[in-house]
Amino acid sequence: MHDIWNPWHGCTRVSEGCQNCYMYYLDEKRDMDGSVIFRTGSFQYPLEKKRDGSYKIQSGEMVRVSMTSDFSLRRLISGGLPHGT
Ligand code: SF4
C-alpha cells in the first residue's frame, strides 16, 4: 500500500449510519464544516511525478482513496465543485 489520496473533502449525511461519521467528527475538531464539499489540493496526485520522472504512485500499488468524502456523491460525479487548498 502506497498512500492515501483524497481528491475531495466533505460529504452529505444520507442515512443514520452517517450519524457518527469520522470525517464530520474530525472537521468539527478543526472548526471546519464537513458538509462543505470541495476539490482538494491533491486532486492531481496520481498524475504527479518525482524528480526522476517516475510517477509518485507506481503502477500496481494500492492506494486508499477518498477517506474524507464519498465517491458516489452526485455533486462529485457531475463536477463543478470549487477547488480547495
Ligand atoms: S463520509 Fe460516509 S459516513 Fe460520512 S457523511 Fe459521507 S457517506 Fe456518511
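In the predicted model, Ser66 counts as partly exposed, because 17 C-beta neighbours lie inside 10 Å, a count that falls between the limit of 12 or fewer for an exposed residue and that of 20 or more for a buried one. Ser66 is placed in the loop that connects strand S4, residues 63-65, with helix H2, residues 74-78. The backbone of Ser66 has a phi near 60°, which is a positive value in a residue other than glycine. Such a value deserves mention because most residues other than glycine have a negative phi.

The loop between S4 and H2 also contains Met67. Met67 counts as exposed because it has 11 C-beta neighbours inside 10 Å, and 12 or fewer is the limit for that class. Despite the distance along the sequence, the C-alpha atoms of Met67 and Met23, which are 44 residues apart along the chain, are separated by 8.0 Å. When residues up to four places away in sequence are not counted, Met67 touches Ile4 and Asn6.

A positive phi is also found at Asp31, where the angle is near 60° in a residue that is, again, other than glycine. Asp31 follows helix H1 and belongs to the loop between H1, residues 22-29, and strand S3, residues 38-39. Asp31 is exposed, because 6 other C-beta atoms lie within 10 Å. The loop between H1 and S3 holds Asp33 as well, and Asp33 is likewise exposed, because 11 other C-beta atoms are found within 10 Å. The C-alpha atom of Asp33 is separated by 7.9 Å from that of Gly10, although these two residues are 23 residues apart along the chain. As for H1 itself, the helix is hardly covered, since the count of buried residues among its 8 residues is 0.

For the protein chain as a whole, 2 helices and 4 strands are assigned, and from the N terminus on these elements follow the order β-β-α-β-β-α. Of the 85 residues in the protein chain, 8% count as buried. Among the contacts in the protein chain between residues at least 6 apart in sequence, 80% join residues that are at least 24 apart.

The ligand is surrounded by Cys11, Arg13, Val14, Cys18, Cys21, Met23 and Asp70. When these residues are sorted by class, the shell around the ligand has 5 nonpolar residues, 2 charged residues and no polar ones.

The confidence of the prediction can be summarised for the chain and for its elements. The mean pLDDT of the protein chain is 86, and 82% of its residues reach 70 or more. Among the elements of the protein chain, H1 has the highest mean pLDDT, 95, whereas H2 has the lowest, 62.

Note on methods:
Residues numbered from 1 in each chain as written. Predicted model: local features only at pLDDT ≥ 70, side-chain atom pairs only at ≥ 80, totals over all residues. Near = placed C-beta within 6 Å. Nonpolar A, V, L, I, M, F, W, Y, C, P; charged D, E, K, R; others polar. Contact = placed C-beta atoms within 7 Å. pLDDT = per-residue confidence, 0-100.
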